[in-house]
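Subject: Structure handover

Hello,

Here is the structure I promised to pass on. Please open it first, then read my notes on charged and aromatic side chains below.

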Amino acid sequence: MSGLGAAAEPPSWLRGSREVFPPEEPGAAAPVGFLQQLPSYQSALRRRNAPGAGTQGRRAAQQGSWGRRGAEARGPEQDGGEREARPAREYPLSIAEKRRLRVLQQADTKYLSGWKQWKRASNKSLKKALNEVKELTSYLELWRHDIHSIEGKFGTGIQSYFSFLRFLVLLNFIMFILMFSFVTFPSIISKYGIFNSTFANIPPQNTEPHCTVYTPSGNKGLVYFYTYLKDLLSGTGFLEVTSLFYGYYTIHTAWFSNLSYNLPLAYLLATFAYLALSFIWIIKRSVEGFKQNLVHGEDQFQSYCNKVFAGWDFCITDPNAARLKHRNLQYELQTDLEEERLKRKIADRTVKEKLRIYSLRIFINIIVIAVLSGCFYSIYRATVFSQENSSDISNTNFQANLLVQYLPSIVITLANFIAPQIFSFLITFEGYSPAFEIKLTLMRCVFVRLANIGVLLFSLWSQIYCATDECKACGYNYKLYPCWETEVGQEMYKLTIFDFMIILAVTLFVGFPRKLLVTHWSCKLVQWYGLQEFSISDNVLEIIYGQTICWIGTFFSPLLPAIATIKYFIIFYIKKISLIHTCKPAARPIRASSSNFFFLLVLLIGLILSFIPLAISIAHIPSSKACGPFRSFNTSWEVVPDTVLGFPTGLQQVLYGVASEAFAVPFFVVICIIMFYFMALAGAHKRVVEQLREQLVLASRDKLFLIRKITEAQRHP
């Protein structure tokens, strides 16, 4: 063991302790026996003598690790001078040593060549300029002061929710810029002849005439005021013929002077672009949280020490928030103890007790499946009823018409509210640990929210795509859905609007009255019920549900990201006011609430699930022949091979080769190899982190051992 326990070379921190261990005389012998008593040396000795351990490779790795740490502590002037010197503040040294290092760096600069001096000065100036630009741009960050204020009053857990909400506002704004720039703007300027632009419509070929008939339900003649309100809430009427929905974009090619613009291809590529942008952005932000989770994976003892000695959030300045943080730490410690108690109880279970608990879990999961089936069936029946009867009710009956239009949204909202309450009640009988109870309940809630959207789309597709003789002419149910993409876009629009109305109504008609009752009424029942808790997990699932709707609906309603941006912008202030004036932070927060990694992981699940309905709509279901940019194609995807046919022959062969199995199989194999490489690299990094932790523990034991020896030496000189 040449790094931790060599007789002639103590650890690097020991070599720097000149006050405790003065330098030896040249002729004096090294205190070999004394250093061999260090706990780090004894641990390394036991590991080396253990069967299968202590190989030469491990000793060399540890030696290299200590050598690198020692070289870094000695500073760049001892590394050969080839590597560029880092600033003194980046070294783990004391203030006095940093000052000495800075003086040495300045002295070394005088002996460098003119080119190296100019290069070092340029790099320093560039880094300073970049830091100043970064500092200036931080002042332009959206809601910077508000989020810092929330963090100061309520801690980093609630602050992470509002930061996540800001991320969604920016993401939806970028999605809106993409769709507006490449789809909506070219259509508008070409239809109105701006910039001397023209457009061409290519009618569908080999299609029955009745498939191309589409008469939007626009308002004609004398229209009541509430009709406009109904159209605004349901996306019908005057909104149906605007650029908000798919049916507006009937242009095939737009001409700007001598340049042609293929709108169907731009529409499809813009859809792929916003999905790819969302995926890359979420992955990029998730990697930071994953690194922290990888490094901060801890055992029970380290978790206890971190909570006791490093669990306090020094951003908190509000006294109420400070008391809440005390209770949170107390709850987490109690949870740890409860988990340890349950682990021992699980280990001591008899066969009869295991059989009973497993039977109970199977029964409860059957109940959960029954609840989910009931929710899905209710959504299916509500969707079918709404689609079949929305046009049969007279427009003069405003309430009944609006109720039928919003019936699927109402049923989905009720399912999202009732099912999690049932899951939270049933989980208490399954005998899981508190931490696993929270995770399982959250995953069930995520599944029921996202699956409800899938059931709604499945219900619509079962009405759109049929195999009867009447549907064979057009490929879809043209009588009920002459422009089925617009119908799907209207359903996504109604879900977005209704979700916002529910959030606003809960704050105004539940949160504020409850606050007034608790504040001004001394009834024991009201005081026991207390203020509404600001549950981070429920609020996160709420906005992830809305974002999943936006991802799916943007293909059918290109301007839906603009509505989502405005929606989340208003929700930020609604939640902020609710948090400060009507709610209290949750007394039992989930442990992952302080990290955006949990939020982004659930958001990534929603994004991946949104790929499925979009892929089916683009590649499988025939596109409408009466509206939209793809009416001259059988499916939306056919615009891609049609565009490729217009390329030169050599480029076509290259693209066909890339899309062939001969290329796909080796590419998949290479991707798998790269993935396994990074997985192995992550495992190696995790093992290095564990070794460094062990070295820190051994270093602390060495210090305790030396302090004890010094104390004994002082008592017995």
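Arg444 and Glu430 meet through their side chains in a salt bridge, 3.2 Å from N to O. This pair links distant parts of the chain. Arg444 sits in helix α16 (residues 434-464), and Glu430 in the loop between α15 (407-426) and α16, 14 residues apart. Both Arg444 and Glu430 are buried. Keep in mind that this is a predicted model.

Glu430 also matters for reading Arg361. That arginine belongs to helix α13 (residues 351-389). Arg361 is buried yet has no salt bridge. Which side chain of opposite charge is nearest to Arg361? It is Glu430, 5.3 Å away. Leaving aside residues up to four places away in sequence, Arg361 touches Arg349, Glu430, Gly431 and Tyr432.

How many salt bridges does the structure hold? Six. Here are two more of them.

Glu141 and Arg166 form one, at 3.3 Å from N to O. Glu141 lies in the loop between α6 (114-139) and α7 (144-154), and Arg166 in helix α8 (residues 156-191), so the pair ties together parts that are 25 residues apart in sequence. Glu141 is partly exposed, at 39% relative accessibility. Arg166 is buried, at 13%.

Glu491 and Lys494 form another, at 3.1 Å from N to O. Both lie in helix α18 (residues 484-520). They are three residues apart, about one turn of the helix. Glu491 is buried, at 2% relative accessibility. Lys494 is buried too, with a relative accessible area of 2%.

Now the aromatic rings. The structure holds 28 aromatic pairs. One of them joins Trp143 and Phe569: the ring centres are 5.2 Å apart and the planes stand at 35°, so the pair is tilted. It links distant parts of the chain, with Trp143 in the loop between α6 and α7 and Phe569 in helix α21 (residues 560-582), 426 residues apart. Is Trp143 buried or exposed? Trp143 is buried, at 6% relative accessibility. Phe569 is partly exposed, at 36%.

Tyr677 and Phe678 pair edge-to-face, 5.3 Å centre to centre with 70° between the planes. Tyr677 is partly exposed, at 48% relative accessibility.

One aromatic cluster includes Tyr246, Tyr267, Trp484 and Phe630.

Last, a charge and a ring. The charged end of Arg449 sits over the ring of Tyr545, 5.8 Å from its centre.

Best wishes

Conventions: Residues are numbered from 1 along each chain as its sequence is written. This is a predicted model: local features need pLDDT of at least 70, side-chain atom pairs count only at pLDDT 80 or more; totals for chains, interfaces and linings use all residues. Side-chain values use heavy atoms; hydrogens and water are left out. A salt bridge is a side-chain nitrogen of Lys or Arg within 4 Å of a carboxyl oxygen of Asp or Glu. Helices (H or I, at least four residues) and strands (E, at least two) are DSSP runs, numbered from the N terminus. Buried means under 20% relative accessible area, exposed over 50%, partly exposed in between (1.4 Å probe, protein chains only). Lys and Arg count as positive and Asp and Glu as negative; His and the chain ends are not counted. Contact means heavy atoms within 4.5 Å. Rings of Phe, Tyr and Trp (its six-membered ring) pair if their centres lie within 6.5 Å; planes under 30 degrees apart count as stacked, over 60 as edge-to-face and the rest as tilted. A charge sits over a ring if NZ of Lys or CZ of Arg is within 6 Å of the ring centre and within 35 degrees of the ring normal.
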